[in-house]
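Please have the sequence and the model at hand while reading.

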Amino acid sequence: HIEPASIRTLADLLAVASSAEHCLADNLADLADSYPGLEKVSKAARVMLTGIEAQLNSAGNPGEDAARAIESIENYKRKTASTGDDPDTLLKRLRADSDRCFAFYDTVVTHAKDEAVMLAAQKLSESVLERIDLLRDIANTGN
């Protein structure tokens with residue numbers, strides 16, 4: 001669990017978002033063979049991650065709270081990697097992780113004290129919401 005209060009600067013937000021999106025991208029890659037429809041989701045995720053990382057390069061270094069949040073994401077990633085779960089379970093986890101990302105970004109929007117942070121979090125939450133819709137469609141069609 002990552003506290004939105006750990007996000008104070010744009011660098012904090014982008015660093016945490018980059019870590020979370022890399023984790024989700026790895027999960028998408030693990031499911032590519034089972035769900036061909038995920039290619040659209042993967043493409044959108046790559047575009048999102050490219051944008052995050054381009055901004056991150058000029059945003060500076062994240063603070064200690066954001067660094068702890070990134071460590072938490074990395075621990076989660078290690079814990080859930082290669083658990084041998086079936087594709088349906090992995091898809092459910094991907095959907096749940098996307099829901100958590102949306103809730104996190106949405107809360108950052110609500111509590112941001114910096115306009116740049118609020119606008120970036122708003123854009124991230126919109127992108128994740130689109131991903132959630134695509135994942136819901138794939139889960140409903142099994143494709």
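The sections below treat the basis of the model, the helix packing, the nonpolar core and selected individual residues.

## Basis of the description

The structure is a predicted model, in which local features need pLDDT of at least 70 and side-chain atom pairs count only at pLDDT 80 or more, while totals for chains, interfaces and linings use all residues. Residues are numbered from 1 along each chain as its sequence is written, and side-chain values use heavy atoms, with hydrogens and water left out.

## Helix H1 and its partners

Two packed helices are described by the angle between their axes and the distance between the axes. Helix H1 covers residues 10-31 and helix H4 residues 87-111; helices here are DSSP runs (H or I, at least four residues), numbered from the N terminus. H1 and H4 pack at an angle of about 165° with their axes 10 Å apart, where axes are lines fitted to C-alpha atoms over the stretch in contact and angles run from 0 to 180 degrees between N-to-C directions. The two helices, H1 and H4, are therefore roughly antiparallel (angles over 145 degrees; under 35 counts as roughly parallel). H1 passes H4 in a left-handed crossing, meaning that the near helix is turned anticlockwise from the far one by less than a right angle.

On the H1 side, the residues that meet H4 include Leu13, Val16, Ala20, Glu21 and Leu24; among their counterparts in H4 are Leu94, Asp97, Ser98, Phe104 and Tyr105. Contact means heavy atoms within 4.5 Å. By class, this contact of H1 with H4 has 15 nonpolar, two polar and two charged residues. In this classification Ala, Val, Leu, Ile, Met, Phe, Trp, Tyr, Cys and Pro count as nonpolar, Asp, Glu, Lys and Arg as charged, and the others, Gly among them, as polar.

Helix H3 (residues 64-80) packs with H1 at an angle of about 5°, the axes being 9 Å apart. H1 and H3 are therefore roughly parallel to each other. Asp12, Ala15, His22 and Asp26 are among the residues that H1 brings to this contact, and H3 contributes residues including Ala66, Ile70, Glu74 and Lys77. Nine nonpolar, two polar and four charged residues make up the contact of H1 with H3.

## Helices H2 and H5

H2 and H5 pack at an angle of about 165°, and their axes are 9 Å apart. This pair, H2 and H5, is therefore roughly antiparallel, and the crossing of H2 and H5 is left-handed. Leu38, Lys40, Val41, Ala45, Met48 and Ile52 of H2 make the contact with Leu124, Ser127, Val128, Arg131, Leu134, Leu135 and Ile138 of H5. The contact of H2 with H5 has 10 nonpolar, one polar and two charged residues.

## The nonpolar core

In soluble globular proteins, nonpolar side chains tend to be buried together. In this model, the largest nonpolar core has 38 residues, and those with the most contacts inside it are Leu13, Leu38 and Tyr105. Such a core is a set of buried Ala, Val, Leu, Ile, Met, Phe, Trp, Tyr and Cys residues joined through side-chain atoms within 4.5 Å. H1, H2 (38-59), H3, H4 and H5 (115-141) each supply at least two residues of this core, and H1 gives the most, with 10 residues.

Leu13 touches Ile7, Tyr105, Val108, Val117, Ala120, Ala121 and Leu124, not counting residues up to four places away in sequence.

## Buried charged residues

Glu21, in H1, counts as buried at 1% relative accessibility (buried means under 20% relative accessible area, exposed over 50%, partly exposed in between, with a 1.4 Å probe and protein chains only). Leaving aside neighbours within four places in sequence, Glu21 is in contact with Met48, Leu49, Ile52, Tyr105, Val128 and Arg131. Arg131 lies in H5 and is buried as well, with a relative accessible area of 5%. Beyond residues up to four places away in sequence, Arg131 touches Glu21, Leu24, Val41, Ala45, Met48 and Ser98.

Asp12, also found in H1, is buried with a relative accessible area of 3%. With neighbours within four places in sequence set aside, Asp12 is in contact with Ser6, Ile7, Pro62, Gly63 and Ala66. The C-alpha atoms of Asp12 and Glu39 are separated by 29 Å, at 27 residues apart along the chain.

## Exposed positions

Thr141 of H5 is exposed, with a relative accessible area of 60%. Thr141 and Gly37 are 104 residues apart in sequence and 9.5 Å apart in space, C-alpha to C-alpha. Pro36, in the loop between H1 and H2, counts as exposed at 54% relative accessibility. From Pro36 to Asn75, 39 residues apart in sequence, the C-alpha to C-alpha distance is 28 Å.

Conventions. Angles under 35 degrees count as roughly parallel, over 145 as roughly antiparallel, 65 to 115 as roughly perpendicular and the rest as oblique.
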